[in-house]
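Here is a short briefing on one protein model. Keep the sequence and the 3D view open as you read.

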Amino acid sequence: AVPGVVIAIFSLLIFNYSIEKWFDKKINEAVNNSTEIAKRYLNEHQSSIGKDILLVANDFNRNSSKLKNDLKSFQNYISLQAKVRSLNKIFLINSNGVLKYFQDEKSKNEFTKPDAYILSAAKSGKPIIISSAYTNKTYVLVKLNNFEDLFIYVVQNVDPKIVNYLKKTGEV
């Protein structure tokens, strides 16, 4: 009876260890793949909004002579760009972060001044893109070349489920 019990215990341990390792590997693989997909989603989101803001900046720069003279059409143009590009909020600010033009009254009340280091970095003319896991938003800032001391500042929502998943896995 002793050899039978020893073999049974030994078989149970090997079987249990093998199954555990196999499932552990599969679960780790699934979590890693999901994390990678979430990271790629955020990178694609940043890339997409970066392209959109460059298109918006190009449109503003191209129409600068018309927009500088008519505040009402400037306001309408901001709203139109937000709708066409599916952007949540578009602000136009100066190099000190002071709000100059905005999409609508609701967005004006939701304006938060960007940090000084972001404003400083945007003076180079390249878009500055920052995503925040705490606010579930991506912030983009780019200088308008055909306007004196004016920047486009876009705030775009990020899917909170994706960000929460990355928080749970410790990737953010």
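pLDDT is the predictor's confidence in each residue, on a scale from 0 to 100. This is a predicted model. The protein averages a pLDDT of 82, and 98% of the residues score at least 70.

**Confidence**
- Helix H6 (residues 160-168) has the lowest confidence in the protein, with a mean of 73.
- Strand S4 has the highest, at 89.
- Where pLDDT is low, predicted coordinates should not be read in detail.

**Helix H3**
- H3 covers residues 71-85, which makes 15 residues.
- Its end C-alpha atoms lie 21 Å apart.
- Phe74, Tyr77, Ile78, Ser79, Gln81 and Ala82 are the buried residues of H3.
- An α-helix has 3.6 residues a turn, so residues three or four places apart point the same way.
- Ser86 follows H3 and has a positive phi, near 55 degrees.

**Strand S5 and its partners**
- S5 spans residues 151-157 and is mostly covered, with 6 of its 7 residues buried.
- S1 pairs with S5 in the antiparallel sense over 5 bridges. Here Lys89 stands opposite Val155 in S5.
- S4 (residues 137-143) also runs antiparallel to S5, joined by 7 bridges. Val140 stands opposite Val154 in S5.

Definitions and conventions
Residues are numbered from 1 along each chain as its sequence is written. This is a predicted model: local features need pLDDT of at least 70, side-chain atom pairs count only at pLDDT 80 or more; totals for chains, interfaces and linings use all residues. Side-chain values use heavy atoms; hydrogens and water are left out. Helices (H or I, at least four residues) and strands (E, at least two) are DSSP runs, numbered from the N terminus. The expected span of a helix is 1.5 Å times one less than its number of residues. Buried means under 20% relative accessible area, exposed over 50%, partly exposed in between (1.4 Å probe, protein chains only). Two strands pair if DSSP finds at least two bridges between them.
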